[in-house]
Amino acid sequence: MKYFFLIFLALIFYPVLSKAQQTKQVTVNVYDEQNQQLPDCSIYVLNSNMNVVTGASGNTILSLNEGKYTLQVSHTGYATTIQNISFLNDTTVNLELAPSVNKLDDVVVSTEKTEQDVQKIPLSITALSAKDIADYKLWNTKQLTAIVPDMYVSNPGDNRNITSIRGITTTSYDPAVATYIDGVNQFGLDTYIARLLDVERIEVLRGPQGSLYGRNSTGGIINIITKRPTNKARVFAEINAGKYGLQQYNAGFSLPVINNKLFIGASGMYEGRNGFYTNTYNDSKFDKQHSWMGNYFIKYLASDKLSFTLNAKHLDVNNHGPFQLVSGMDEALKDPYMINQDATSVMHDKTFNASLSASYTGHAFNFTSQTAYQNNYRYYTDPLDGDFSPLDAVSIINNYGNKWNNVKVGTQEFRFSSPSGNSKLKWLGGLYGFIQNNPVKQATHFGKDAAAVGSPLTDFSSINTNILKGYGLAAYAQAGYAITNELLITLGARYDYEHKKQNVEGAFQPDGAEAMITQPDTAASAHFNAFSPRLSVSYQINQQQLVYATFSKGFRPGGISQLSSDPSQPPLFIYKPEHSNNYEIGLKNDLLDKKLQLNIAAFYTHITDAQVPALILPDAITVTKNAGKLVTKGVEAEVRAKPVKGLNINYSFGYTDAHYTSLNIASNGESVKLDGNKQVFTPNVTSSLAAQYSYVFSKTVTATARAEWMYVGKQYFDLANQLKQNAYNLVNVQAGVNFSKIGFYVWGRNIFNKHYVDYAYDFGAAHLGDPAVYGVTLRVDCIFNKSSKS
């Protein structure tokens, strides 16, 4: 396999240099349905730095070599169109745009690390545009549940999302679904940013993506792309206000300092609420939330082929009552949004991401380099309630200064790919590396009521120190060759190597006394490697239909267990990587002159050495072991339609049967077989329907009404399948009016106030989904057109 991979790399990087081609001036004319030329249209050449705007006469000039290219053409009020062009002697291209109320938008995605029409990629991909994100009111990736087929996202109240796709779910701080923001891998649950601010699109790939993305992509990929600058200056602001003291303020700008040369932009957000939960211990609101987020960038076009982008993002969260948990599911549903905890604290969660990207587009190849740094510092100002009760039994302490619980990750990626204009062969390859440092220091304090949780001693702390350091390297390549105009074969492969080292130290500290070492500083190290191939065959039946079949492998790296206060769970246990084989077939359809889009897929995934978590109490430390084999299979469907003028319908459906064919877990010192049990955090069905009607009163006034129905099927929260949430429905509504650049909307989420368990630990502590929330939105988005030529 390794030799095969080296040969494959050599073939990919063998000079794909053809003889020099002469650059030509190509005139692009854009018309509407009445054959009138459209000014101020944005024209972007995919996989290049070329982004121009048509002038007052509705045309512009592109400087291109002879060959084939793909253009994305957009204009406010018109359906975005993807158009393939090919020219030898012809130097004029005519394009037509239809009103957006009549046709669906064409969608460009970059999930395969090159930009392509989503309907031409042989993978299951859900793509949500900026308009979709605004219509669904997506403020957090958690809200993607059911909108994306077979996807479930939840959290226990600390804003760390646990994501499951097709029954492959996150079981530790190494996620099963990787998240990328502007090309940067949000490395783990510590460092990723789940909030959404000024986003251009969200792309969700379902199924293992090991060949291109490697580690932690066994379930799939969430790819988030924020809005980038053009030669059009833009200013936006948005105000949201609602029940429970909800406030959210967004604002930002982007502008060309020098046309076609230097661009800057910034956006910011404040979000706060009074909280959903009441703490009956002191009759106070428990989970008040305040957060600040920013996204800042500078882009410099050194030439029409070379660009640099410097980007920084931060998210600061003050959570006055993290982990809104009730000791049992029945109790949580009986008295919804009521807790009884004596220890209250504020969780400070500070995340910072920065990246420098360089992009070169040439005649022989394109090249991208991205250097990124991620940092997260998370601590509780006061001890956190660990028994979720009014007892002074257990509390968690982690405020030991910013040397501890301060995660740092650095990543570097170099990528080469075929240039725009290449016809039969599309290829890419690259190198990826990371280094991480995760120093964790946490104490479990046992108070005067510790006997209630089985402790023979009281008034002491068990202090655990776990320092994880690691690095990894990977090489990957993928090539697609069009055997005919209809038949495409894609072959990909990736090799990953990862090294981890963990130091542990334990101490016992009676209240008011010095700490005594109980576990001397001890270390263990391990390394893991994986080979992840991919093969897909797709056939373009006609311009509107694509059928495909895909095989891919995925892996989640192994690791080393942490030190906890439970002597039955010794630290430094090495568990193996988790591997998966995925088979998928699918059909993509664009029908009725782009008024109907229907995509369907069926999948089968087999996972070996399944990593199964066990939560160690009262430390709340997860110990992971390889405990079984998992099979997950199902079907998915997505429909986008505009059956009549002004009416837009989106529907998604997913069915998943995920069960363990072999599962052995430890319970009370014995091994328990749970063969046949269902996977956790995996609804058997997800379904959503969104219908929106827009009525155009004039060129500047449009009214909309929208309704959304979400269905989440039965699921389990523990491997023994004792903690179950039955199927439930949620309904959201929205109505508003848009005056050209200003929009005003009223909305409601979960309008029937359905109570359901969103997240539960395997020991029973439960967190409910959000109650009914109503609010209003005022949005201003202004674009100032500046015509320019390439």
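**Strands and their partners**

Author: Strands here are DSSP runs of E with at least two residues, and helices are runs of H or I with at least four, both numbered from the N terminus; two strands pair if DSSP finds at least two bridges between them. Keep in mind that this is a predicted model, where local features need pLDDT of at least 70 and side-chain atom pairs count only at pLDDT 80 or more, while totals for chains, interfaces and linings use all residues. Residues are numbered from 1 along each chain as its sequence is written, and side-chain values use heavy atoms, with hydrogens and water left out.

Back to that pair: T278 has K285 in β22 as its bridge partner. The two strands belong to an open sheet of three, in the order β22-β21-β25, with mixed pairing. β22 (284-285) and β25 (338-339) each have a single partner strand, so they stand at the edges and one side of each has no neighbour in the sheet.

Now follow the chain along to β32 (residues 460-482) and β33 (residues 487-510), which run antiparallel and are joined by 23 bridges. Four residues sit between β32 and β33 in this hairpin, and I467 has N503 in β33 as its bridge partner. β33 also runs antiparallel to β34 (residues 516-542), with 21 bridges joining them. K500, for one, has A526 in β34 as its bridge partner. β33 and β34 make a hairpin too, with five residues between them, and G512 in the turn has a positive phi of about 80°. As background, strands of a sheet pair through backbone hydrogen bonds, either parallel or antiparallel.

Strand β14 (residues 177-181) runs parallel to β17, with five bridges, and T179 stands opposite I222. Strand β16 (residues 199-206) runs antiparallel to β17, with seven bridges, and the bridge partner of R201 is I225.

β17 (residues 220-226) is also mostly covered, with seven of its seven residues buried. Buried means under 20% relative accessible area, exposed means over 50%, and partly exposed is in between (1.4 Å probe, protein chains only). G220, I222, I224 and T226 point one way from β17, while I221, N223 and I225 point the other way. In a regular strand, side chains alternate between the two faces of the sheet.

For contrast, turn to the surface. A nonpolar patch there consists of I239, Y249, F739, I742, F744, V746, V776 and L778, with about 660 Å² of accessible area together (Shrake-Rupley method, 1.4 Å probe). β48 (742-749) and β51 (773-784) each give the patch at least two residues, and β48 has the largest share, three residues. F744 lies in β48 and counts as partly exposed because its relative accessibility is 39%.

Finally, step back to the whole protein. You have four helices and 51 strands, and buried residues make up 57% of the 790 residues. Among contacts (heavy atoms within 4.5 Å) with a separation of 6 or more, 67% join residues 24 or more positions apart. The C-alpha atoms fill a box of roughly 85 × 65 × 50 Å, taken along the principal axes.

Note on methods: Patch = residues over 30% accessible without salt bridge, like charges linked within 9 Å, V, L, I, M, F, W, Y side chains within 5 Å. Salt bridge = Lys/Arg side-chain N within 4 Å of Asp/Glu carboxyl O.
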